[in-house]
Amino acid sequence: MSQNTQRPNMAITVLCGTLTSLVVIGFARLAYGIILPAMRADLGLTYQQAGILSTVTALCYVCFVLAGGLAAARWGAKASVMFGMLTVATGFIGLAVATHFWLVLGLMGLLGFGTAFAFAPMVSLLATWFPEQRGLVIGYMTSGVGVSILITGVLVPYLFEVFGDQGWRVSWGVFAGAALSVALMIGLFVRNPPKSLTSTAADMSPDEKWRIYRNPRVLIVASTYGIIGLGYIVQTVFMVSFMVESGHNEAMAGRFMAMMGLLSIAGGPLWGWLSDHWGRGNALAACIFLVLVAVALPISGQTLPHFFFHFLIIGASVNGLFALIQTSATDQVAPRYIPIAFSFATLFFAVGQFLGPAVAGWLIETTGGFRAAFSFTFVVLSVGFGLTLLIRRFPDEWAVGD
């Protein structure tokens, strides 16, 4: 970047990115599973309704993730991220006081809508400001997900102890306070990249946008991102149940999950740093290979060591996998096209996360066990590994240049 002197403070900007992922991915998406039991009991929801609430969040994210990228291109990433963060905060506030299913349904959709405008534009902003350390800064941003897993795992049960049946409402309220605080930090400290790098993206014709959408390299990276999203969500939703169904106690599963969350905090930055020095494709192929090994372990055997090493390897690699594929998506195009290209790739990820639980759940129901679901996941991730071998051979030049 030619405007080195105009760069904002890297530590503060990256911290804002990390906190953004903590709120919109950790609190708005992953924390629902922890809050759900008390929330379902208090509102009298059926399991089907509880599943619909999670689905509508994912569906709204899928439907609006491209719109988030276009908004960032037209009005600037900062404005888009702030809008998304304030929208998520509004959803949290509403959930803290809502009493009817249909209102809760709309508010859960609002969380997915806001996430679409916040997450991808923030990744694009970091990638544009710090291109030489793109893997590292995006790795730090993904570490916010691991931090959120630790925070919610400790905070939410504590709030249940203190506030009893209303602890779930207080949890959403605390998340709202966090979202508003992060929005304030973004407003004070985050700056858009120079106009010379971003101005023309807002004025692109449909033909220019399709030039990005149809590019083979962009499509390969986007497809790999979708496969990673599918594999990750199946592991997140069903692996603990697989462990418990295999005869191991829930407390042990919880300790393995905590270990995974703790390792994932460091995994993103370390893999990102490695990719900046070793090469994006090399690090990406190595990382997804480790995830494949981790998924294969509980398929081959359901002993405690099999599950232990599964969670150990996943914790050390999965956040790095996110950081690397996200960074690869930003590597394929000129800086001014990053918001649109990354949002397009994120659409594939969102679809993968939307389809994964449905397909895996159907396989579990029809086969009467978890091995078929995780065997399916292994096959899909193997295809992703093959795609990363193609990414390793991409030239250094942009696929879509100025």
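**Entry 1: second largest cavity**

I began with the second largest cavity, where helix H11 supplies the largest share of the lining, three residues. Helices here are DSSP runs of H or I with at least four residues, numbered from the N terminus. I noted that the model is predicted, that local features need pLDDT of at least 70 and side-chain atom pairs pLDDT 80 or more, and that totals for chains, interfaces and linings use all residues. Residues are numbered from 1 along each chain as its sequence is written, and side-chain values use heavy atoms, with hydrogens and water left out.

For the search itself I recorded the rule: on a 1 Å grid over the protein atoms alone, a cavity is a set of points where a 1.4 Å probe fits but cannot get out, and lining residues have an atom within 4 Å of a point. Grid points are joined across faces, edges and corners, and a volume is the space filled by probe spheres set on the points.

The second largest cavity holds about 50 Å³. I listed its lining as Val145, Ile149, Tyr232, Met260, Gly261, Ser264, Val318 and Asn319. H6, H11 (250-278) and H13 each contribute at least two residues to this lining. I sorted the lining into five nonpolar, three polar and no charged residues. In this scheme Ala, Val, Leu, Ile, Met, Phe, Trp, Tyr, Cys and Pro are nonpolar, Asp, Glu, Lys and Arg are charged, and the others, Gly among them, are polar.

**Entry 2: Gly261**

I then looked up Gly261, which lies in helix H11. Gly261 counts as buried because its relative accessibility is 0%; the classes are buried under 20% relative accessible area, exposed over 50% and partly exposed in between, with a 1.4 Å probe and protein chains only. Neighbours within four places in sequence aside, Gly261 is in contact with Gly146 and Ile149, contact being heavy atoms within 4.5 Å. I also computed the C-alpha separation of Gly261 and Ala296, which is 20 Å for residues 35 apart along the chain.

**Entry 3: largest cavity**

The search of the whole structure returned three cavities of 30 Å³ or more. The largest cavity has a volume of about 70 Å³. Its lining includes Ile228, Tyr232, Val291, Val318 and Leu381. H10 (216-245) provides the largest share, four residues, and H10, H12, H13 and H15 each supply at least two.

**Entry 4: second largest pocket**

I turned next to pockets, a pocket being an open set of points with protein on both sides within 12 Å along at least five of seven lines. About 470 Å³ of space lies in the second largest pocket. Of its 17 lining residues, Arg134, Arg280, Asp331, Pro395 and Asp396 lie nearest the centre. H12 (280-300), H13 (304-331) and H15 (371-392) each give at least two residues to this lining, and H12 gives the most, three. By class I recorded six nonpolar, four polar and seven charged residues for the second largest pocket.

**Entry 5: salt bridges**

I counted five salt bridges, requiring a side-chain nitrogen of Lys or Arg within 4 Å of a carboxyl oxygen of Asp or Glu. Asp331 and Arg134 form one at 3.1 Å, N to O. Asp331 is in helix H13 and Arg134 in helix H6 (residues 134-163), so this pair ties together parts 197 residues apart in sequence. Both Asp331 and Arg134 are buried. Asp331 also meets Arg280 in a salt bridge at 2.8 Å, N to O. Because Asp331 lies in H13 and Arg280 in H12, this pair ties together parts 51 residues apart in sequence. Arg280 counts as buried at 16% relative accessibility. I noted that Arg134, Asp276, Arg280 and Asp331 are linked in a network of salt bridges.

A further salt bridge joins Arg169 and Asp42, whose closest N and O atoms are 3.9 Å apart. Arg169 belongs to helix H7 (residues 167-189) and Asp42 to helix H2 (residues 32-43), 127 residues apart. Arg169 is buried at 13% relative accessibility, whereas Asp42 is partly exposed at 34%.

**Entry 6: nonpolar core**

Lastly I examined the largest nonpolar core, which has 132 residues. Such a core is a set of buried Ala, Val, Leu, Ile, Met, Phe, Trp, Tyr and Cys residues joined through side-chain atoms within 4.5 Å. Val23, Met39, Leu53, Phe92, Phe119 and Trp172 have the most contacts inside the core. Helix H5 (residues 101-129) supplies the largest share, 18 residues. Leaving aside neighbours within four places in sequence, I found Phe119 in contact with residues including Ser21, Tyr61, Met141 and Phe342.
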